[in-house]
Amino acid sequence: LFSGPGRCIIRDGLEEISGSCMEMINLKDQFTKYFFIDKNPICINDLKRRVGEKTNVEYYNDDCNEIIKNIIELVSNDSLSLSIIDPDSLQFLFTSYEYLSRKRIDLIVNYPIGPIERAISSVLVRKSNSSVLDRFHPGWRGIVSRHNWGNSKKENIENLIDDYVHKIEMLGYHSSPLMI
């Protein structure tokens, strides 16, 4: 999900590295099937070019929240699967985890702290619409209040992540230690 173009640029040094899709496709022990999804057609076209002629790859130029319903049906019930959820903002809808939880799919999840901080501050300070944040992390308001957000952001972020992981666990997943 959010496959990108297959290459990433490290901002500080402008170093270019392989993205998670390219790392996965180049593993010695291959997965049987790869599903790469990105809404940006340029990313999908670049990724196709970089991956080359592999026959076990399907590309989807679509919103992963929409297409996931169809892709999940292509995953065998007895397979071991991995989904990397790496949004650069709040595009992933929490309800999409419900589709993933229907199969045995391990998850690697990026909780985009910077966009979360900006969205929460925008809602609390400028009274912006919270619908995107609500769809990404339902119940975030129960963790953050205007009174303590500015005083203890680090603690609030840790509490938000704990809450997010707990919500995923409620769908039947187990978690391992987090990296912040």
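Predicted model: local features only at pLDDT ≥ 70, side-chain atom pairs only at ≥ 80, totals over all residues.
1. Just after α2, G52 adopts a positive phi of about 85°.

2. Helix α2 spans residues 41–51, and its buried residues are C43, I44, L47 and V51. These residues lie on the same side of α2, because they cover an arc of only 95° around the axis. On the other side of the helix, I42 and R49 are exposed. The buried residues of α2 pack against α1 (20–25), β3 (34–38) and β4 (57–61).

3. The cysteines deserve a separate remark. A disulfide requires two cysteine sulfur atoms within 2.5 Å, and the count in this model comes to 0. C43 is in no disulfide, and the nearest cysteine sulfur, that of C8, is 9.9 Å away. Because its relative accessibility is 15%, C43 counts as buried. C64 is likewise in no disulfide; the nearest cysteine sulfur belongs to C21, 12 Å away. C64 is buried as well, with a relative accessible area of 4%.

4. Where does S83 lie? S83 is placed in strand β5, residues 81–85. With a relative accessible area of 9%, S83 is buried. Leaving aside neighbours within four places in sequence, S83 is in contact with L1, L100, I105, D106, L107 and I108.

How values were computed. Residues numbered from 1 in each chain as written. Heavy atoms only, no water. Buried < 20%, exposed > 50% of the residue type's maximum accessible area, 1.4 Å probe, protein only. Helix = DSSP H or I, 4+ residues; strand = E, 2+ residues; numbered from the N terminus. Contact = heavy atoms within 4.5 Å. Arc of directions from axis to C-beta.
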